[in-house]
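Here's a quick briefing to read alongside the model. Keep the viewer open and follow along topic by topic.

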Amino acid sequence: MRVASDIGGTFTDLAYLDEETGRVGMTKVSTTPADFSEAVVGTLRKAGVDVPRTSFFVHGSTVIINALTERKGAKTALITTQGFRDVLEIGRANRPDIYNMSYTKPKPFVPRYLRREVHERVNYKGEELAPLNEADVRQAVEKILAEGAQAIAVCFLHSYANPSHEIECGEIVSQLAPDIPLTLSHQITQEWREYERTSTAVLNSYVHPTARAYLDHLERDLTKMGMDRRVLHVMQSNGGSATFESGKRSPINLVESGPVAGVIGAAHVGDLIGEPNVISLDIGGTTAKTSLVEKGTPKITTEYKIEQRRDTAGYPILAPTVDIVEIGAGGGSIAWIDRAGALRVGPVSAGAAPGPACYGWGGDQPTVTDANVLAGRINPAYFLGGEIPLDVQRAEAAMRPIAEAFHLSIEEAAMGVIRIADANMINALKLVSVRRGYDPRDFVLIAFGGGGAMHAGALMRELRVKKVLIPVEPAVFSAWGMLMTDLRRDYIRTLITRTDQVNPARLNAIYAEVEAQALQDLTAEGVREADMDFQRFADMRYMGQEHTVKVRLPAGAIDDRAMPDINERFHALHEQTYTFRLETPVELVNYHLTAVGRVKKPEFRKLDIRQGKLAEARKGARRVNFDELGFAEATIYERERLPLGVAVKGPAVVEEPASTTVVFPDQKLNRDEFGFLHIEMLG
Amino acid sequence: MAFDPFTLTILQESLRAAADEMFVRLGKASKSPIIYEVLDYACALISPASELICEAQGVPGFTGVLPSAVRSILEKYGAQAMKSGDVYATNDPYSGGGTHLSDVCLIGPIFWDGELVAFAANKAHWTEVGGMAAGSWTTDATEIYQEGLQLPAVKLYDGGEPVGSLIDLIAANVRLPDSTLSDLYAGVAALRAGETRVRELCQRYGVMEFRQSIGEMLDHGERLARLRLGALARGVYQAEGWMDDDGLSDDPIPIRVKVTIDGETFTADFTGSSPQVRGPINGTWARLQSAGRVVFKAITAPEVPNNEGCFRPVKVLCPMGTIFTAERPAPVSTYWEAGAAAVDLLWRALYPIARDRLTVGHFLSICGTSLSGVDDEGRLFVLVEPQAGGWGAGADKDGENGLVAQGDGETYNIPVEVCETRYPVLVEQYALDIVPYGAGRYRGGRGLVRDYRILCRQASLTTTFGRHRFPPWGAAGGQQGSPNGAAIIPAGSSEPVVWSGKLTRYPLRRGDLARLVTGTGGGYKHPFERPVEMIQADVKDGYLTLQQAERSYGVTLHPETLEALQLHRAPGA
């Protein structure tokens with residue numbers, strides 16, 4: 001039994017796969033913020049999972065990101081190199097809101113009085129210039145404890161090149177304060193840039209007590225139900241999982257724990273249907289998130305920041321993170337008119353409360369969901385399987401001011417709202433695809449979340465992806481995605497060398513060292529060597545550039561003959577990304593190893609979907625607005641009853657309790673043997 | 001498809017996304033730290049009538065300057081002579097959106113169905129354009145001819161093909177041809193991205209709708225700007241001040257502005273400011289225009305995307321030949337000092353009517369720093385960076401500590417670890433400077449100290465730190481801030497031998513220490529009004545010393561417990 005649990009703001013989802021029968025099940029209960037594990041236990045009970053038989057449990061949660069954004073972490077102190085305690089406060093000194101002459105910088109997570117300096121110094125080559133002054137460290141720890149700090153981070157200059165002073169300092173801290181959570185920056189990241197590394201170490205310590213208490217609690221509850229402690233895993237921002245133990249040590253790797261699961265799921269759906277190139281699109285209540293998967297591999301960024309927006313700098317975290325673009329366009333996004341009279345949608349959302357006007361829970365602002373109801377796309381009597389009857393009149397009332405402002409009918413106004421929400425999503429989809437040198441025609445768009453299926457058909461017509469795919473139970477697809485996860489660790493080392501001067505022996509030594517480390521780490525997590533898969537990457541650039549591109553390197557020993565091939569891979573990737581290549585020397589900056597511990601892949605059985613007549617799935621017909629194709633009488637089908645191998649021709653709407661799929665008049669839809677819906681353009 | 005009111009919003013978002021894409025592409029592909037760290041560049045789409053459609057920029061200085069560059073190309077060549085794939089280049093400071101020679105404009109016409117529909121353009125600070133000093137800016141040039149290669153609206157690509165002889169000419173006249181040409185290619189790549197997106201939009205919506213929507217967009221921008229302008233208090237607002245000196249003499253330079261807001265227009269008149277000076281701190285007409293637009297935007301609608309319409313109510317007046325509007329052959333390579341001074345003048349003039357959007361005086365100068373030399377392995381190095389410093393207090397907040405100046409924006413400092421890896425220096429501290437200035441009910445933000453210990457046989461330091469003699473202003477009883485400056489502490493000594501705003505190729509030897517200091521911002525309201533608990537917290541954090549608490553804030557604290565021992569705040573002080 002393989003079990004995945006995903007805690008979201010509103011619902012806690014569970015997906016499980018019985019490896020013996022091949023049966024996949026899903027369930028959800030309301031999230032229990034006072035004690036999150038109550039809902040996890042609740043889903044297991046509700047689904048009737050045979051808990052002691054669980055062979056792999058993986059968990060995603062927003063607890064860590066919430067502790068950060070709500071500032072509910074521990075009182076944290078920092079020990080750093082003499083002369084540099086203000087690095088955390090100065091940051092990169094940037095002012096992204098360039099016309100704002102009253103800009104306020106993000107406030108450091110450690111106040112100045114808790115940032116203590118100690119004498120020590122290492123240079124960029126890792127050579128010691130001054131030894132660590134132990135008396136300084138002792139004094140710093142005493143002060144920090146006297147101030148009541150609950151966690152400590154240590155970050156010294158150039159510790160990525162030589163961590164010995166951090167290690168030494170850590171030993172002293174542990175002696176003096178054995179119970180206090182401690183992060184040494186090099187344990188989390190061995191990349192250069194002191195502000196980013198310090199920020200990462202500090203944030204790790206900041207969420208450390210929260211993460212430990214939370215995972216301990218969950219572990220206790222699950223083992224009480226008979227689950228084996230060794231099968232417990234958490235989802236990491238890099239798209240892989242790690243053991244609870246590892247998650248407690250480095251909770252900063254769990255920040256994007258929830259959203260990445262959908263991307264991993266999309267990659268596996270692609271794999272299942274033989275389409276290795278996919279774009280994932282997750283449309284929820286407040287935002288839409290999209291990410292690109294090339295040849296089965298999600299894109300990873302190492303320039304991740306929390307709370308970064310167009311007008312504020314945010315906080316960097318040097319943890320490899322699946323590269324997701326998120327925009328404020330979801331079902332609850334509110335439509336409004338700006339002061340000079342143009343229509344806008346989002347980023348403000350009506351959220352779960354009061355929700356869209358049509359819910360009748362007190363919301364009176366027009367949202368994207370209200371627009372979809374007015375366009376006939378959502379069936380007001382079948383929302384969440386009829387659990388929430390939607391009030392069309394309230395949707396109309398909310399939309400009326402917009403219609404009046406533009407002298408349009410309510411239907412036209414609703415269509416305008418949908419069109420602007422779609423345009424915002426298109427821009428996000430282009431950002432991850434065409435703007436990075438990818439042609440959408442080579443990709444399948446996998447749409448999920450509550451609103452993915454509703455908008456995907458329209459987006460496809462504009463973006464020209466080759467196909468849209470709606471997975472089974474799209475509203476809980478993230479939990480499904482987690483079922484597919486492997487264990488994963490990333491190792492990054494900074495060492496700058498020109499490719500025409502590099503000594504291959506040195507290169508081999510670096511990869512050998514991190515691969516030995518990876519072997520040790522994964523073994524400790526219970527992975528057999530045969531199930532390990534190591535991939536080497538290098539961040540490379542033209543000499544003189546600052547930004548790099550990530551180049552996949554061949555496995556095995558690298559010799560002089562391999563270098564031209566590596567160079568060529570770089571030139572080609574640079575040209576794909578930036579449209580040109582140069583004759584100038586090429587530099588290697590970071591050495592990146594991804595170590596994957598493959599866990600036994602669930603085998604998806606094909607469903608027992610019978611061939612049959614489309615008429616049996618037909619529920620009726622209604623008038624639906626298909627934008628520039630006009631209004632049309634769309635046939636309405638129930639997803640569960642759709643037969644195999646018979647195409648549904650648009651205009652049509654396929655309904656299921658938690659989602660609605662819209663098929664345009666120039667599109668057709670097929671249900672495949674896994675239960676997935678495929679939408680393609682006609683002709 | 002039919003034109004409708006929503007297409008306006010969609011096109012605007014798509015065009016903005018296109019400008020962002022051009023911007024990202026140029027930055028990531030560039031080899032110039034001034035481009036990829038300082039983000040001293042802008043990308044724009046411009047209509048065939050030389051109107052700004054949209055732009056993306058990392059610093060405010062280029063706001064709205066690209067359309068006049070397009071106009072100069074159109075006047076010289078005429079639209080008829082242009083074809084798809086052409087690229088024009090200009091860096092003339094005295095015309096066509098010109099600033100200094102390092103800022104090169106690239107312009108590419110965009111055609112759809114044989115018809116000129118728009119221009120893609122960018123302006124970026126290239127690493128090197130030749131001239132008397134490495135990096136192409138210095139403090140002692142007296143003529144433009146010392147400042148680098150001039151590109152007077154030349155055609156660089158002909159129908160998609162680079163003009164080889166021109167490329168060779170550029171390469172031969174710059175010190176780092178590889179970097180300079182990379183900046184050129186990065187700029188052309190950005191133009192191509194803009195072209196692709198515009199053509200897609202023409203295809204999707206049709207040329208007619210594209211044009212009609214752009215007209216609507218500009219009108220929409222104008223309506224918003226006028227709405228905000230109407231909310232500003234009508235009146236005449238004046239300010240006058242000084243710039244330190246021109247680098248060649250010690251004479252302060254008088255500057256002044258008169259702003260008139262009458263509900264219809266926002267007029268900034270700089271008449272009466274000093275004539276142009278001998279040294280290279282002269283500003284240009286285009287930079288002065290952008291100063292007016294930047295401040296107008298800051299006090300009206302900072303969040304609205306820029307287009308021509310937003311700036312229709314703004315008029316910037318100044319006779320030619322002044323410190324702000326230099327004429328040939330005046331040197332202009334550190335033109336940003338005059339630009340910053342113009343912004344600060346407007347800022348001070350308008351401060352009384354916009355306290356909610358403007359903080360008091362900040363360290364202002366870019367604090368341009370250029371350290372060059374030959375390292376122990378015989379390689380030439382040039383470290384060029386702006387410095388971050390202290391900002392002024394706001395109406396309800398302390399000033400920001402260590403933030404880049406107004407003339408910078410999404411500009412990054414160079415990490416210590418990167419700096420020490422690339423250049424033969426040891427950074428001995430990077431810290432807030434706790435000086436006894438900037439006190440107030442709300443404090444000025446702290447400036448910074450950055451120490452470079454020289455690790456090679458010899459190096460040379462050029463700095464242009466304005467506000468060395470005229471520190472940041474305070475308001476309503478708040479104190480003024482502290483000056484910017486560079487100090488030299490020779491090897492083996494701990495005493496500075498030099499303390500100056502401008503250093504010109506100052507020779508340094510192994511073991512010498514260059515200390516770069518930026519100002520603390522001005523304070524707002526009298527320091528005695530600052531609550532004692534805030535002062536106690538400041539002292540605990542080390543933002544204030546015990547002595548400063550006593551002298552500036554009138555509070556004597558116990559050195560250990562920080563308990564308030566004595567309050568000597570004279571009533572009405």
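At what angle do helix α11 (residues 392–405) of chain A and helix α12 (residues 410–432) of chain A pack? They cross at about 85°, and their axes are 9 Å apart. Before the details, note that this is a predicted model, where local features need pLDDT of at least 70, side-chain atom pairs count only at pLDDT 80 or more, and totals for chains, interfaces and linings use all residues. Residues are numbered from 1 along each chain as its sequence is written, while chains are lettered from A and ligands numbered from 1 in the order in which they are written.

**The α11/α12 pair in chain A**

- Axes here are lines fitted to C-alpha atoms, for helices over the stretch in contact, with angles running from 0 to 180 degrees between N-to-C directions.
- α11(A) and α12(A) are therefore roughly perpendicular to each other (65 to 115 degrees; under 35 is roughly parallel, over 145 roughly antiparallel, and the rest oblique).
- Helices (H or I, at least four residues) and strands (E, at least two) are DSSP runs, numbered from the N terminus.
- On the α11(A) side, A:E396, A:M399, A:R400, A:I402 and A:A403 meet A:I410, A:E412, A:A413 and A:A414 of α12(A); contact means C-beta atoms, placed from the backbone, within 7 Å.
- That contact has six nonpolar, no polar and three charged residues (Ala, Val, Leu, Ile, Met, Phe, Trp, Tyr, Cys and Pro are nonpolar, Asp, Glu, Lys and Arg charged, and the others, Gly among them, polar).
- α12(A) has 23 residues and should span 33 Å at 1.5 Å a residue, which agrees with the 34 Å between its end C-alpha atoms; the expected span is 1.5 Å times one less than the number of residues.
- Since 18 of its 23 residues are buried, α12(A) is largely enclosed by the rest of the structure (buried means 20 or more other C-beta atoms within 10 Å of a residue's own, exposed 12 or fewer, partly exposed in between, with C-beta atoms placed from the backbone).

- Most residues other than glycine have a negative phi, and most peptide bonds are trans.
- A:H407, in the loop between α11 and α12 of chain A, has a positive phi of about 55° without being a glycine.
- A:H407 is exposed, with 9 other C-beta atoms within 10 Å.
- A:H158 also has a positive phi, near 60°, and its place is the loop between β9 (151–155) and α5 (164–176) of chain A.
- With 25 C-beta neighbours inside 10 Å, A:H158 counts as buried.
- The A:G650 to A:P651 peptide bond is cis, with omega near 0°, and A:P651 lies in the loop between β31 (648–649) and β32 (652–656) of chain A.
- Another cis bond runs from B:R328 to B:P329, with omega near 5°; B:P329 is in the loop between β11 (314–317) and α8 (336–350) of chain B.

**Where the chains meet**

- Chain B puts 67 residues in contact with 55 residues of chain A.
- Helix α1 (residues 5–29) of chain B supplies the largest share of chain B's side, twelve residues.
- By class, that side of chain B has 31 nonpolar, 16 polar and 20 charged residues.

**Domains in chain B**

- Chain B splits into domain 1 (5–224), domain 2 (359–525) and domain 3 (532–567), with bounds from an automatic or database domain assignment.
- The C-alpha centres of domains 2 and 3 of chain B are 27 Å apart.

Terms used:
Two residues are in contact if their C-beta atoms, placed from the backbone, lie within 7 Å.
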